[in-house]
Each structure stands twice: as C-alpha cells, then as structure tokens.
Amino acid sequence: MTAAPPPLYAVYGASGCGRSIMPLAREQLARQGVPPERLVFVDDGATAPVVNGQRVLGFQAFLQAPASTRHAVLAIADGQVRARLAARCAAAGVQAWTVAAANVVRMDDVVLGEGAALSPFVTLTSNIRIGRHFHANLYSYVEHDCVIGDYVTFAPGVCCNGNVVIEDHAYIGTGAVIRQGRPGAPLVIGRGAVVGMGAVVTRSVAAATTVAGNPARLLAPKE
Ligand SMILES: CC(C)(COP(=O)(O)OP(=O)(O)OC[C@H]1O[C@@H](n2cnc3c(N)ncnc32)[C@H](O)[C@@H]1OP(=O)(O)O)[C@@H](O)C(=O)NCCC(=O)NCCS
C-alpha cells in the first residue's frame with residue numbers, strides 16, 4: 001500500500017502581502033515539523049516559478065499537486081478579493097488556513113474566525129470576536145470587547161480600542177487610531193468603510209465611506 005501524500009499548504013498571492021506572510025507560514029509549519037517543500041505560493045499572475053525560495057503554482061496546478069488535503073491563507077489586502085478567493089477555495093475543497101507569527105499575543109476569550117493572517121507583534125486582548133479571513137498587519141492591536149466582522153483588514157500599526165464594532169470588509173489604514181466605544185454603545189466602523197492611514201477616528205463611520213485626518217472626516221468621493 002502506498003502512503004497518502006502529505007498535506008500541501010499555500011500562501012495565496014505572491015505580491016507584497018503574500019511575501020510578508022510567507023516567512024510566518026514557513027516558521028509556523030517548521031514548528032509543526034512540516035518541511036518547507038510542502039509550502040507554496042499560489043498565484044495565477046506570477047512571473048517567476050520561485051519567489052523567495054518558495055515554489056509558485058497557479059491555482060489549477062495547486063489543485064492537481066499530490067496532497068491529502070490542501071490549505072490556503074489568502075494573502076490579499078483587499079477584503080472583497082479575499083471573499084472571492086475564499087469562495088473559489090471552498091468550492092475546490094481547499095481549507096482556510098490561519099497563519100500567525102510566533103509572538104502574537106492572544107489574551108482571554110478571543111474567538112478568531114478561520115483563515116486569519118496575524119503579523120508579528122499583533123495583540124488581541126480579551127473578550128473579542130473576530131470573523132473570517134481577518135488580516136492584522138504588524139503591531140496592530142484589538143482591545144477588549146471589540147467585535148470584528150469577516151474580511152476585515154488592518155494595515156500596520158492600527159490601534160483599535162475597546163468596545164469598537166468593525167463590520168465586514170472594512171479596511172483600516174496604517175497607524176489609524178480608533179477611539180473606544182462604551183459597553184452597549186460601541187463606536188461602529190460600517191461595512192466596507194475605509195479609514196485612511198494616520199486617521200484619528202472619534203465617531204462612528206458610515207458604511208462604504210472613506211474617512212481620513214485628525215479628527216477623521218469624510219473624504220469627498222472622486223469625480
Ligand atoms: C485614505 C485613502 C484610502 C484615500 O485614497 P484615495 O481615495 O486614492 O485618495 P487620494 O490619494 O486621491 O487623496 C485624496 C485627497 O485626500 C488626501 N489624503 C489621502 N489620504 C489621506 C490620509 N490618510 N490622511 C489625510 N489626507 C489624506 C490627499 O492628500 C488628497 O488631498 P487633496 O485632494 O487635497 O490633494 C488612502 O490615502 C489611504 O490612507 N490608504 C491607506 C494606505 C495604507 O495604510 N496602506 C497600508 C499598506 S500595507
């Protein structure tokens with residue numbers, strides 16, 4: 001009897017985001033005794049067969065490579081694109097994979113949905129709920145009692161203070177600071193909203209709007 005091939009792991013996307021997540025993925029698998037050959041980039045638009053020492057496969061080649069199970073972390077900053085890729089992966093039997101740096105801090109009662117990518121120095125404090133395919137980039141934190149939806153993206157250094165609700169597909173730019181809400185009266189960042197880099201958010205942000213500045217104000221839509 002021939003042994004079943006081992007699982008195959010992927011960082012989906014070989015652009016900047018993927019190249020930042022790949023070392024974390026490699027390290028995480030090494031801690032589990034999985035050799036780096038079982039880890040690939042998946043990218044249909046890649047121009048090189050190997051990126052930073054890791055093989056690059058198109059999605060179909062990834063599906064055809066011998067493997068008992070397939071696992072992918074979606075390394076694309078745009079939450080809408082992540083949602084499309086998640087559906088594509090689910091339809092093909094590829095499992096959502098969470099990759100987290102070894103020094104991520106998780107405190108008490110953290111519920112984290114599948115497929116997250118947590119960069120170095122991220123802190124998730126206590127009593128928080130986070131949906132699927134969350135990205136938290138370098139040094140971001142989520143304080144107590146926050147509720148974060150699906151496909152939410154934090155760029156580096158996001159300070160999300162306590163009692164904040166962030167709805168699905170919101171994007172929070174580098175170094176943004178979000179004021180705390182109150183129990184029963186959270187500050188809400190609406191679905192699909194964008195918070196610009198460096199913003200100081202003092203009030204709730206409506207869905208599908210972009211805010212920036214200190215204090216954060218609505219950015220006029222482009223003509
Ligand atoms: C807010 C943001 C989404 C706006 O992007 P955009 O819609 O392409 O807007 P533009 O760059 O055309 O800028 C429109 C105006 O807003 C200003 N602006 C843009 N971003 C701003 C910000 N973060 N804070 C204050 N003003 C900002 C621009 O200077 C410009 O002003 P002007 O019309 O007086 O010249 C974007 O600038 C941003 O902050 N993105 C997050 C970047 C980030 O964190 N990346 C992380 C990579 S890992």
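Tutor: Glu-27 and Arg-31 stand 4 residues apart in helix α1 (residues 16-31), which means that about one helical turn separates them. Helices (H or I, at least four residues) and strands (E, at least two) are DSSP runs, numbered from the N terminus. The two side chains form a salt bridge whose closest N and O atoms are 3.5 Å apart; the term requires a side-chain nitrogen of Lys or Arg within 4 Å of a carboxyl oxygen of Asp or Glu. This is a predicted model, in which local features need pLDDT of at least 70 and side-chain atom pairs count only at pLDDT 80 or more, while totals for chains, interfaces and linings use all residues. Residues are numbered from 1 along each chain as its sequence is written, and side-chain values use heavy atoms, leaving out hydrogens and water.

Both partners are partly exposed: Glu-27 has a relative accessibility of 41% and Arg-31 one of 48%. Here buried means under 20% relative accessible area, exposed over 50%, and partly exposed in between, with a 1.4 Å probe and protein chains only.

The search of the whole structure finds 5 salt bridges. Another of them joins Asp-44 to Arg-88, with 3.2 Å between the closest N and O atoms. This pair links distant parts of the chain, 44 residues apart: Asp-44 belongs to the loop between β2 (39-42) and β3 (50-51), and Arg-88 to helix α3 (residues 79-91). Asp-44 counts as exposed at 51% relative accessibility, whereas Arg-88 is partly exposed at 34%.

A further salt bridge, at 3.2 Å from N to O, connects Asp-109 and Arg-129. Asp-109 is partly exposed at 39% relative accessibility, and Arg-129 is partly exposed at 35%. In general, side chains of opposite charge can pair when their charged atoms come close.

An open sheet of 6 strands has the order β3-β4-β2-β1-β5-β6, with mixed pairing; strands pair if DSSP finds at least two bridges between them. β3 and β6 (95-96) each have a single partner strand and stand at the edges, so one side of each lacks a neighbour in the sheet. Strand β1 (residues 8-12) runs parallel to β2 and is joined to it by 4 bridges, and Val-11 has Phe-41 in β2 as its bridge partner. Helix α1 lies across β1, β2, β3, β4 (54-57) and β5 (70-74), at about 160° to β2. Helix α3 packs on the sheet as well, touching β1 and β5, and its direction makes about 175° with that of β5. Such contacts are heavy atoms within 4.5 Å; axes are lines fitted to C-alpha atoms, for helices over the stretch in contact, and angles run from 0 to 180 degrees between N-to-C directions.
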